[in-house]
Structures are given as structure tokens and as C-alpha cells.
Amino acid sequence: MIYDALLMLWDCSRNAKVSQPEPLSYANEGDSIVLGRIYEIAKSHHEIQNFTLGTGFHSRKSQTSAGHRSNGLYGQALSEGISEVLESYKKTLKEVESLIIGNQNYTLAFVYSYVEKFQGLFHTLNKIISTIKERRLSGCQILSLVHQCILSGDKMVHEAILKIFTCINNVFINQLCTWLLYGDLRDPYEEFFIYKTKKNDVSDTFLSTPSSSNTCDKSLVSTLQQTPLDCGYNINPNMIPYYIPLSLAQEILFIGKTVILFGFDPKKVKKHSSLTNRSMLTLQKMNADSRRFTIWEEKEAEFHEKLQKLKTPEYFEVCNLRSVVREIKECVTKHLWAVAVEEAQLIHELHLMKDFYLLGRGELFLELLRLTAPMLDKATTRTSTRDMNHAFQLAARAVFLSNSVDVEKFSFELPYVKPNISANSTIEDGSSTVADGWSTIILKYDFKWPLHLLFAPEVLARYNDMFRLLLRIKKTQHDLHALWKTYKQSTRFSMCQLHNKLMFLMDNLQHYLQADVLETNFSRLMEAVNKTNDFEKLKKAHATFLADILSQSFLTVTSCNDSDSGDTLDSINNPVFCNIMELLKLCDSFCSISDFAENKEAEDYYIRGYSDKFNKLVKQLMQLLVSLRDRPCGVYLARLLMRLDYNRWLSGEAQLTQSVTNMLRY
């Protein structure tokens, strides 16, 4: 009977289900209970053995050749780790067997006393195996599950699970090392938390269409800082081990993508696939390996050694992994900064963004407005883009910029939207009209590689929001100043007074945006750029700059500081922005009053209407300060109104009992 127990413990019948023998008689009364306990241990060992046979190397090889889904590298590593742990069990059985052969008087209790200590280990291993089967875990999910079982009060279980985790962790570190240092994903069974995206995956477009995303200021900086660097790889959140934070996983993804980036050129993307697939083709005529290894500056062996050191269980901690990843990321971002600033001339490109998107070259856009204002007042046509770019070339020639290489980097696009005219509608119906050129115009920028990391589609879309606002204000200001010759000798005091009020308003609004907002924040950006040599810090400084000018230009809405709700508002719902747009419409309408200047009665009627609406809008603008003063945008509104109401004239005209200065006191 004692030999039957040994045969069960050795799992000699592993191909069939282990059954408990039932001898006719027992030597001792308690042998039946002891044999039952031995049977439970043998049964647990049998289930473990079946798992290792089904997930081992030979099983994986046969499954792959037969076309079945394989358990992968992590399943094989788990099987090898379990087999290594079971060696102590087999060694114990050999010892027991040699003792029994030497002394025939040993009982079942003696055998059980040797194998009893493996009950907790077998229970833990079977729990891991059953969890893997029930949840169908694979890859890094297995690594995460085994890591959760390391902490155990049983020393044998703790050491055994630690050995198993080390075997699986070796696979993980090898994959991590090749990804971080070479941008190479060795994952034939899709087990890593980074995966290669399919060609059918739809990604962001390159065009900077008018921004319609609801983004609040609280998260605008982080939104603008996120770079859609798409080399064909992404994160699978379900595969991230639980002990690795999402932020660390994103840093790992960023490093590998950046390493890949230096071997790719975004300009080589196929034209037809640019809107649906942003995967980049291999850079032609460029030694990608030589550029890749210049990233590390002879630190590749050092980083490789530190990553391999993470295989040892004594050194493997999340803090150590984070530290190594941060060192690698710092090296990558410094090299990226050198390429962006020195080779791509980033500082010069930032000045170009200011000159064109933020209307720094005022003389160029004044000439452009003179040529294109009538076209932009109307709905776009099929030839609007061509006509706009032709006018842009003429304007550049007029201000002696036609030979500049910088001008060739910029072009315009006026998207044509076909009017939706039904059988029962006419062109005059509101349903068939489309937006004019002022609200749809897009300025496109052909930047150098690798500045697409900085000027992402979302960033260019926000720049275009600013460009459309500044261009509209510039056009209105120009039209009002053009009427000065008409009204300078006019004897109608009400007309001249209203004209002066509108000019004063537009001049101060334009000066507020150009001097108080753009120049101030751009000088801060240049100061931050000159102080750092880290591309990530540089990108954050640029995102902060763009978020600040959008907020101070009232193109975004900021929720209260005490509110943690996720509700966001779009820029078109910003009450200050809506008020400014109404003032711009009022000025445009006033500029068209010269068409019926000979009709005195009609002119007086419109002048009274314009004056009443102007006072109403100014009063509304000042009252907004009271409701928004607790928000960050209220501070910028106060600056604008202090410039407008410096002598309390508008407060009096709007019939307010308190001036803007008094509003700020309580």
C-alpha cells in the first residue's frame, strides 16, 4: 500500500485521471485518512503536471505547427518556472523512496510527513492555473497574476512563486529592453502591453480643421501636450501589469516610438493614406541605425545592463524600473531637443508661427485683407482655395516677401461645403446657406521634421482658432480706419461720435490681444525655451503658451476652481467671446452704412439703433465681469475692461451705477 501511495505521488498515471486505491484492509485504523490526504496532494500535483505539459515548449511548438492558438512565451515561462519549483518535490520523493527501500517498517504517516509541506504550494499553483483558465489570461496578465501571489505567509510558497515570477519576468524584461533601446517589438503572440496597430485603424487627420472639441482650460495644457506620435504602435490597457502605472506605460511607449521616429520621415507617408493611416514609411537614403545609436551617446551598454539587472528579484521594484525608464527618457528627449532646436531650427519656426498664425507680420496681412476681404465675406466656392493662395502670393510680393523661403511654408485652405438645397427650398433659405470664409479659413503650415511632435493637429487647430479671431479683428479695425476719410469732415456729430467709439473699442481690443496677450506670453515661451534642453519640458512650455493665449483671448471656458466636474464648454459658448463677436458684427454693419449716406432719415434711424446696441453690448460686457471675476478668464476680462474704461467714460455711457474699477473692489 505504501508503494501505491508513492506511485500516486510520482504521478505515474498522468495520462489518466488519478483515482484513490481502495485496499481491502489497512495496517492501521488511521491509514485510510492518511491515504486520502496523500491522494489530495497527488491529485493537485497531477493537475499541475497536466498544465505544464500543455503549456511547455514542446506543446507550444506542436500547437503552432498544427495551427492552434499557442499559450505564448509567458505561458511557457510559467510552465518552466513551475517545473523548476517542482524539482524540490521530486527530490523529496526520491529521498522518501530511498528511506522506504532501506526500512520496510515505515508507514503511510511517514510518507505523508514528508509531502505535507507541499499542500500550500500546490494549492497556490492550482489557484493560479484555474484563474488563468477561467479568465483566459495571457501575456502580461499572467505576469500580473503571479506577482499578486508573491506575498505569502508560507516561506516555501513565497520563494517558489518568486522563482516562477522571475522566469516570467525575464520574458517581460527582454521585450521591454528591445522596445526601449531599439524600438523593436518582439511579440509574436501579442502578449506585451504595447501592440502594433492594424492598418484599418482610423487615426487623426493632418488637416487643422476648425476646433470643435470641448476642452476646458483645466485640462487644455495636458491635451495640447499629448502628441499623436503614431509609428503604428499603441497601448493595450488590459495587458498593463497592475504594478506599472499608466503614466509609466505611456513613457515606455513614448521612448520606443521616439527611437522608431529617428528611422522614419513623416513626409514619406502615402498621400492617399494620410487621412486614414498615419503609419510612416522607412526613411529612404538614410542610415537609420547610425542615427538611432547616436541617441544613446555610448550609453546603450549601460542602459542594457540596468534593464537586465531588473531580472533579479532582489532588484526588481517599480521604483527601480521607473528610475531606469526616466534615465532613458531623459537621454532620448535631450537628443530629440538637439535635433529639433539645432537641425530643425525650432526657435526660428516658433517666430514664424507668431508672424503668420498670430499676425506678427501685420503689413502682410493688411495687404492680404485688401485683396481677399470681398471673397471672404461670401460663402466658399470650389475655387476659393486657389484664389486665396494666389492673393497670398501677391500680398507677399507687395511687401517684398515673395523670395522668402518662409512664406512658401504657409498656404491657405477654404473648405468648400456644398449647400444642402432640397426640392422645396431655395438658396435664400437658412437651411441652404453655408458659413463665410472668415469662419472656415485654415492656414496650413509645412513644418520640418521632427517638429510634428510639437505642432500636432490639435495644436494647429487651436492656432487656427487664434488666427481666425485675429484676422477678423484686423479686418474690422482696418475697415473702421478706412472710414476716417469719409467722416473726418462730416458735420453729423452723432455719426462721428459713434465712429470714434467703435474705433476706440477695436483699437484697444487689438492692442490688448497683441501686446498684453501675445507678446507677453511669447516672451515667456522664449525664456522657457532658452532655459531648457529637454524636449518634454519644451513641449510643455509650448502647450502652456498656447493654452494661455487661448484662455486670455476668451476662446475657452474655465470652470470654477472648486468644481471638479467634467462638464466642459466650447469656445463658441463663451459669453465674452460671443459678446466680442457681436461687437465685430456691429462694426461691420456700421461700415456698410455709407451705402445709404444720402438718405438722412434712414441714416439717423440706423445711427440710433447702432448706438443703443453698442451701449447694450458694452453694458453686457461689463456685467460679465461681475459673474466671471472668480474664474481665471475674469482676470483677463478685467484687464481688457480697465484698458477700455480707464476714464469711466464707457461706464457712464452704458448707464452703469458703478465703474469697472468699483466692480473689482467687492
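K309 lies over the face of Y315, at a distance of 4.6 Å from the ring centre. This placement, like everything described below, is read from a predicted model, and the values are computed from its atoms.

A pair of aromatic rings is described by the distance of the centres and the angle of the planes. Counted with a limit of 6.5 Å between ring centres, the structure holds 26 aromatic pairs. In one of them, F118 and F122, the centres are 6.0 Å apart and the planes meet at 25 degrees, so the pair is stacked, given that stacking is assigned to planes under 30 degrees apart. F118 is buried, with a relative accessible area of 1%, and F122 likewise counts as buried at 1% relative accessibility. The rings of F447 and F455, by contrast, have centres 6.2 Å apart and planes at 45 degrees, so this pair is tilted. F447 is buried at a relative accessible area of 18%, which falls under the 20% limit, while F455 is buried with a value of 1%.

Helix α18 is mostly covered, with 21 of its 26 residues buried.

Burial leads on to the nonpolar interior. In soluble globular proteins, nonpolar side chains tend to be buried together. Here the largest nonpolar core has 194 residues, and the members that touch the most other members are F172, F193 and I328. Helix α20, spanning residues 493-531, supplies the largest share of this core, namely 15 residues. What does F172 touch beyond its neighbours within four places in sequence? Its contacts there are Y74, C140, L143, F192, F193, P241 and I244, so that F172 and F193, both named among the residues touching the most other core members, are in contact with each other under a cut-off of 4.5 Å between heavy atoms.

The cysteines remain to be considered. A disulfide is a covalent bond between the sulfur atoms of two cysteines. A search of the whole structure finds 0 disulfides. As for individual cysteines, C167 is buried, with a relative accessible area of 18%, whereas C578 counts as partly exposed at 31% relative accessibility.

Definitions and conventions:
Residues numbered from 1 in each chain as written. Predicted model: local features only at pLDDT ≥ 70, side-chain atom pairs only at ≥ 80, totals over all residues. Heavy atoms only, no water. Buried < 20%, exposed > 50% of the residue type's maximum accessible area, 1.4 Å probe, protein only. Helix = DSSP H or I, 4+ residues; strand = E, 2+ residues; numbered from the N terminus. Phe/Tyr/Trp six-rings, centres within 6.5 Å; stacked < 30°, edge-to-face > 60°. Lys NZ or Arg CZ within 6 Å of the ring centre and 35° of its normal. Core = buried A, V, L, I, M, F, W, Y, C linked by side-chain atoms within 4.5 Å. Disulfide = S-S within 2.5 Å.
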